[in-house]
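Colleague: Could you walk me through how the helices pack here, and what space is left between them?
Modeller: Gladly, let's look at the model together.

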Amino acid sequence: MNAETPETEPAAPLEGAHRTARPEKKVEITDPKAIRALAHAARLEVISELYSTQVSRTATELAAQTGLTPSAMSYHLRALQKWGIVEPAATAGDARERRWRAAGSDFTINSGGGLASPEFAVLDLELDAFRRRVDAFAKVRDQRRRKGESTEAPGVVMLSSNLLYLTPSQRSELTARVFALLKEYELEDPGHVPQGAERMATMWSVVPDDRK
């Protein structure tokens, strides 16, 4: 999920990339009311899950991931459907519970960059979600260490901060190249995870450093 629309379209995947050939459909939110409606941790979790995996989920499955009840999750899903962010998906097998899927392949929030833009509340929630992922990983790793089990090698959690001086065209180029690189690692078949692959959360950001 992007908090701001790239100034240029992402570059094509590099030669030899194995990205899935699924149709591209960007869902872009510009209405301030819709952006304010996204300022909820559970709704952002749903968007991240459905758009990143491109796999349909039930309200019960998403509720278990976010710690809500299925009825509360159904309410949030209907709210996201209202703004065209998620949509009902085809059912397979047991059709007693509706399945939901992302309404597109990519999701972007773009409020025009106003200083009081509501997407800053969304960014705060995204940062909180990232912290929760790090805390959860640290807790699991500590439990494994206490049991004498092997833990991940150093470097499995990466956090890098760089200060760059970029012209507007360079900023656009960097954004496009990073997006293209990330797309190279998307699953060809979202329903098939390669053996040995682990679910990894990524976060990338470019923020003007206006401190004087």
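Colleague: At what angle do the axes of H2 and H3 cross?
Modeller: Axes are lines fitted to C-alpha atoms, for helices over the stretch in contact, and angles run from 0 to 180 degrees between N-to-C directions. Helices are DSSP runs (H or I, at least four residues), numbered from the N terminus. The axes of H2 and H3 come within 10 Å, and their crossing angle is roughly 120 degrees.

Colleague: Before we go on, what kind of model is this?
Modeller: Residues are numbered from 1 along each chain as its sequence is written, and side-chain values use heavy atoms, with hydrogens and water left out. Local features need pLDDT of at least 70, side-chain atom pairs count only at pLDDT 80 or more, and totals for chains, interfaces and linings use all residues, as this model is predicted.

Colleague: Which residues of H3 meet H2?
Modeller: Contact means heavy atoms within 4.5 Å. From H2 come Ala 42, Glu 45, Val 46 and Glu 49, and their partners in H3 are Leu 62, Gln 65 and Thr 66.

Colleague: Is the crossing of H2 and H3 left-handed or right-handed?
Modeller: A crossing is left-handed if the near helix is turned anticlockwise from the far one by less than a right angle, and right-handed if clockwise. For H2 and H3 the crossing is right-handed.

Colleague: How are H2 and H4 oriented to each other?
Modeller: Helix H2 (residues 41-53) packs on helix H4 (residues 70-82) at about 70 degrees, with the axes 10 Å apart. Angles of 65 to 115 degrees count as roughly perpendicular, under 35 as roughly parallel, over 145 as roughly antiparallel and the rest as oblique. H2 and H4 are therefore roughly perpendicular.

Colleague: How many charged residues are in the contact of H3 with H4?
Modeller: The H3 side has Ala 59, Thr 60, Leu 62, Ala 63 and Thr 66, and the H4 side has Pro 70, Met 73, Ser 74 and Leu 77. Ala, Val, Leu, Ile, Met, Phe, Trp, Tyr, Cys and Pro count as nonpolar, Asp, Glu, Lys and Arg as charged, and the others, Gly among them, as polar. This contact of H3 with H4 has six nonpolar residues, three polar and no charged.

Colleague: Which element gives the most to the lining of the largest cavity?
Modeller: Among the lining residues are Ala 41, Leu 44, Leu 125 and Arg 133. The elements giving two or more residues to this lining are H2 and helix H5 (119-146). With five residues, the element that gives the most is H5.

Terms used
1 Å grid on protein atoms, 1.4 Å probe; cavity = no way out; pocket = protein on both sides within 12 Å on 5 of 7 lines; lining within 4 Å.
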